[in-house]
Amino acid sequence: MATATDMITGLEDQVLESVKQGQEAIVKAVRTWADASKNLIPDLPPLPFADQLPNVSELVESGFAFADKLIASQREFAAAILDAAKPVYAATDNAVKNGAQAKPATAASKTSTAA
C-alpha cells in the first residue's frame with residue numbers, strides 16, 4: 001500500500017512532467033516564430049554604453065541565481081520555524097500516531113474560560 005508521501009511524490013512527478021511537456025511546446029513555438037521573424041529586425045546602430053549592459057542570458061542567469069538564494073533563505077527560515085515550534089507539533093504528532101484523544105475539558109477550565 002502506498003503511503004501518503006508516495007502518493008504526493010507521484011502527484012508531484014505528474015505535475016512536473018506536465019509542466020515539462022508544456023514548456024517543450026512553448027519552446028518549439030517560440031523557435032518557429034523566431035526563425036520566421038529573424039529577417040524582419042532591421043540593423044540598428046549600437047546604443048551608447050551598450051557594451052556595458054548585460055546580455056539577456058546574463059540577466060536571466062542573474063535572476064535565477066537570486067531566486068536560488070531566496071529559496072535557500074526561505075528553506076532556512078522554515079527549518080528555524082519548525083525547530084521553534086517542535087515542542088507543539090512533536091507532541092501532536094505523537095498523540096496522532098498513538099491514537100490519543102484530546103483531553104476533555106475539566107470543570108475548572110470550563111468555568112475559567114466562561115468568566
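1. The model is predicted. Mean pLDDT for the chain is 87, with 86% of the residues at 70 or more. Confidence is highest in H2, at 97, and lowest in helix H4 (residues 107-114), where the mean is 52. Where pLDDT is low, predicted coordinates should not be read in detail.

2. The chain holds four helices and zero strands. Read from the N terminus, the order of elements is α-α-α-α.

3. For H2, the 29 residues should span 42 Å, and the end C-alpha atoms are 42 Å apart, so the two values agree. Helix H3 (residues 86-97) has 12 residues and reaches 16 Å from its first C-alpha to its last, close to the expected 16 Å.

4. Of the 115 residues in the chain, 1% count as buried; the cut-off for buried is under 20% relative accessible area. The accessible surface of the chain is about 10900 Å², and carbon and sulfur atoms account for 64% of that surface.

5. Leu11, Val15 and Val19 make a nonpolar surface patch of about 250 Å². Of these residues, valine 19 lies in helix H1. Is valine 19 buried, partly exposed or exposed? Valine 19 counts as partly exposed because its relative accessible area is 39%, which falls between the limits of 20% and 50%.

6. Two backbone angles deserve a look. Most residues other than glycine have a negative phi. Phenylalanine 49 is not a glycine, yet its phi is positive, at about 65°. Phenylalanine 49 is placed in the loop between helix H1 (4-37) and helix H2 (56-84). Its relative accessibility is 60%, so phenylalanine 49 counts as exposed, the cut-off being over 50%.

Methods. Residues numbered from 1 in each chain as written. Predicted model: local features only at pLDDT ≥ 70, side-chain atom pairs only at ≥ 80, totals over all residues. Heavy atoms only, no water. Helix = DSSP H or I, 4+ residues; strand = E, 2+ residues; numbered from the N terminus. Buried < 20%, exposed > 50% of the residue type's maximum accessible area, 1.4 Å probe, protein only. Areas by Shrake-Rupley, 256 points an atom, 1.4 Å probe, with all protein chains shown as cover. Patch = residues over 30% accessible without salt bridge, like charges linked within 9 Å, V, L, I, M, F, W, Y side chains within 5 Å. Salt bridge = Lys/Arg side-chain N within 4 Å of Asp/Glu carboxyl O. pLDDT = per-residue confidence, 0-100. Expected span 1.5 Å × (residues − 1).
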